[in-house]
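Here's a quick briefing for anyone meeting this structure for the first time. Have a look at the model, then read on.

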Amino acid sequence: MHNLLLVAKREYLEQVRGRAFRLTTVLVPALFALMIGVGYLSSRSTGANKHLVIASPNAELAKDIQDQLLAHKDTKTTVDVIAPSKDNDRDALVKQVSGKEIDGFLWIETPEGHDPVATYEAQSAGDFVTQARLESAINHSLIQQRLAQRGVKQTEADALLARIEIKTLQVNKEGKVVKSNAQTSFWKGYVMAILLSMTTMIYGMNVARSIIQEKTSRIFEVMLSTAKPSDLLAGKLIGVGAVGLTQIGIWVVAAVVLISLPLAAPLMSGDVAIHISWAEGILFPVYFVLGYLLYSSLFAGLAATCETEQELQMYTPMAAVPIWLSFALIVLIINDSNSFWSVTASMFPPCAPIIMFLRMGSSMPQPWEFALSISLMILSIIAVLWFSTKLYRVGILMYGKRATLPEMLRWLRYS
């Protein structure tokens, strides 16, 4: 135990005093804030500041579409109207788009006896926001005209077509109806899942790199004279894991301080309220420790079989597969976080930390689901640690020989 604590202390102090620890402690939250800010600003500016032209043989329809588009003040869109339009107007509009005089134009044709046909031609083929606004505007205008043709007054048509906003409420575990914001809840769970996966991978790889460095410098041969291989491995896992918890603790304290400032008041109230529950605050370090132990123990065993860091990097995509799989299930989890596949994926140990927080962003899972998920992770950690310790005992003293699968199986028998 004494040797184990000495190794853990050495690993902890070596990394905490390093420049990388200070930089990541400051830069990681700053990068997250930058990503969220850029994403928010880009979402607000999507489809804005456009110069569009509505060309239609029906002047009334074109004017209605123009009014619908200009009703969205946030878009700051300039909309011109050509009505009634002629065939040669289309060629002129195409030249204006090509010359970047306008961003695009909506060309409407009204075949006799048929519904109008609309075509949107623009510089960008991926401007789906503007296309959606145009579709909404033209359909709204057509419905108004059809109602007017059937004798419905304009005021009555406006009343029939008036939009309403849906407020989202959530029924909690106690059966009480509480306020909720689906978008805010999702982004909160999404950011926590990214932070969890990133820190778990970073510190898991730190353990592996530390083993490679000590193996190539042959410092292991000195350390093994006073400590057992199991103490060295356990000390590394505890020391590096403590570094991760220290960094997360610094982020939590900094977040609490920022939240207490007057400038953060809008984030804690209103439609964009951000609240971290006690369950989320407790489960985050729990899943971090479990995820870290699972990945770092796996990487420790693999690192003992490698000769260089380049060789170790070949295994990195293998560890990233569960993370890719977890985030690939976002759509499924958003639609139904309590479906069979969502619950099953959250029980799979390599994916459990990420998917659990994605599910919590939608609705809080049942207590038995947390208990089963954590239990399965603990059992997986025990199994991976057993496997990695066997490889570690032999692999750290193997030099100049590539570890093949049959070779690793022999190492398991030797140890």
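Start with the contacts in the chain (heavy atoms within 4.5 Å): among those between residues at least 6 apart in sequence, 71% join residues at least 24 apart. Keep in mind that this is a predicted model, where local features need pLDDT of at least 70, side-chain atom pairs count only at pLDDT 80 or more, and totals for chains, interfaces and linings use all residues. Residues are numbered from 1 along each chain as its sequence is written, and side-chain values use heavy atoms, leaving out hydrogens and water.

**The chain overall**
- You'll find 17 helices and six strands here, taken as DSSP runs (helices H or I, at least four residues; strands E, at least two) and numbered from the N terminus.
- Of the chain's 415 residues, 39% count as buried, meaning under 20% relative accessible area with a 1.4 Å probe, protein chains only.

**Cavities**
- The structure holds three cavities of 30 Å³ or more; a cavity is a set of points on a 1 Å grid over the protein atoms alone where a 1.4 Å probe fits but cannot get out.

**Around the second largest cavity**
- Its lining residues (those with an atom within 4 Å of a point) include Leu-196, Met-201, Tyr-295 and Pro-353.
- Helix 7 (182–217), helix 10 (278–304) and helix 15 (352–360) each give two or more residues to this lining, and helix 7 gives the most, with four.

Key: Buried < 20%, exposed > 50% of the residue type's maximum accessible area, 1.4 Å probe, protein only. 1 Å grid on protein atoms, 1.4 Å probe; cavity = no way out; pocket = protein on both sides within 12 Å on 5 of 7 lines; lining within 4 Å. Points joined across faces, edges and corners; volume = space filled by probe spheres on them.
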